Amino acid sequence: MTNIENWIQAACAELNLAPDAVPIRTVLDLARDAAHQVERPAAPVSAFILGLAAGSGQDPADAAARLSELAAGWPAPESTHRPA
């Protein structure tokens with residue numbers, strides 16, 4: 001078992017959740033997309049939003065795909081660099 005799989009097992013046991021319900025690749029792909037297309041702090045926040053969606057009964061794969069698509073079209077932040 002990998003370190004992340006061990007973490008998921010322990011975290012799920014701590015919260016009385018089923019480890020099989022954790023779509024690892026889906027969550028990691030969404031976090032990557034949010035971090036790269038929006039900004040780094042969007043990764044954990046997006047993962048939390050995905051969890052809320054899953055908790056409300058939405059399909060996690062569908063919700064993650066929709067959020068990744070939203071991130072892909074997200075406008076680049078305005079540069080804070082000012083020429084001297």
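Does Ser68 count as buried or exposed, and at what relative accessibility? Ser68 counts as buried, at 16% relative accessibility. (Buried means under 20% relative accessible area and exposed over 50%, with partly exposed in between, using a 1.4 Å probe and protein chains only.)

## What you're looking at

This is a predicted model, where local features need pLDDT of at least 70 and side-chain atom pairs count only at pLDDT 80 or more, while totals for chains, interfaces and linings use all residues. Residues are numbered from 1 along each chain as its sequence is written, and side-chain values use heavy atoms, with hydrogens and water left out.

Helices here are DSSP runs of H or I with at least four residues, strands are runs of E with at least two, and both are numbered from the N terminus.

## Overall shape

The radius of gyration of the chain is 16 Å, whereas a compact globule of 84 residues would come in near 12 Å. That radius is taken over C-alpha atoms, and the globule rule is 2.2 Å times the number of residues to the power 0.38. Along the principal axes, the C-alpha atoms fill a box of roughly 55 × 25 × 20 Å.

Of the 84 residues, 18% count as buried. Take the contacts with a separation of 6 or more: 36% of them come from residues 24 or more positions apart. Contact means heavy atoms within 4.5 Å.

## Helix H4

Helix H4 covers residues 60–72, and its 13 residues reach 18 Å from first C-alpha to last, close to the 18 Å expected at 1.5 Å a residue. (The expected span is 1.5 Å times one less than the number of residues.) The buried residues in H4 are Ala63, Ala64, Ser68 and Ala71. They sit on the same side of H4 because they cover an arc of only 135° around the axis. That arc is the one made by the directions from the helix axis to the C-beta atoms.

Turn to the face away from that buried side and you'll find the exposed residues Arg66, Glu69 and Ala72. As for what the buried residues of H4 pack against, that's helix H2 (24–37) and helix H3 (42–55).

## Helix H2

H2 has 14 residues and reaches 20 Å from its first C-alpha to its last, close to the 20 Å expected at 1.5 Å a residue. Leu30, Ala31, Asp33 and Ala34 are buried in H2. Seen down the axis, these buried residues fall within an arc of 165°, so they line one face of the helix.

The face turned away from the buried side of H2 carries the exposed residues Arg25 and His36. H3 and H4 are included in what covers the buried residues of H2.

## The nonpolar core

Which residues make up the largest nonpolar core? There are five in all: Leu30, Leu50, Ala53, Ala63 and Ala64. H3 and H4 each supply at least two residues of this core. A nonpolar core, by the way, is a set of buried Ala, Val, Leu, Ile, Met, Phe, Trp, Tyr and Cys residues joined through side-chain atoms within 4.5 Å.

Leaving aside neighbours within four places in sequence, Leu30 is in contact with Ser46, Ala47, Leu50, Ala64, Leu67 and Ser68.

## Back to Ser68, and its partner Asp33

Ser68 lies in helix H4. Not counting residues up to four places away in sequence, Ser68 touches Leu30 and Asp33. Asp33 is found in helix H2 and is buried, with a relative accessible area of 18%. The side chains of Asp33 and Ser68 make a polar contact of 2.8 Å, and another, of 3.0 Å, joins the side chains of Asp33 and Arg32. (A polar contact is a pair of N or O atoms within 3.5 Å; within protein, one must be able to donate a hydrogen and the other to accept it, and residues adjacent in sequence count only if both atoms are side-chain atoms.)

With neighbours within four places in sequence left aside, Asp33 is in contact with Val38, Ser68 and Ala71. Asp29 also has its place in helix H2, and is partly exposed, with a relative accessible area of 22%. The C-alpha atoms of Asp29 and Ser68 are separated by 8.2 Å, though the two are 39 residues apart along the chain.

Asn16 is found in the loop between helix H1 (3–15) and H2. Most residues other than glycine have a negative phi. The phi of Asn16, however, is near 60°, a positive value in a residue other than glycine. Asn16 is exposed, with a relative accessible area of 70%.
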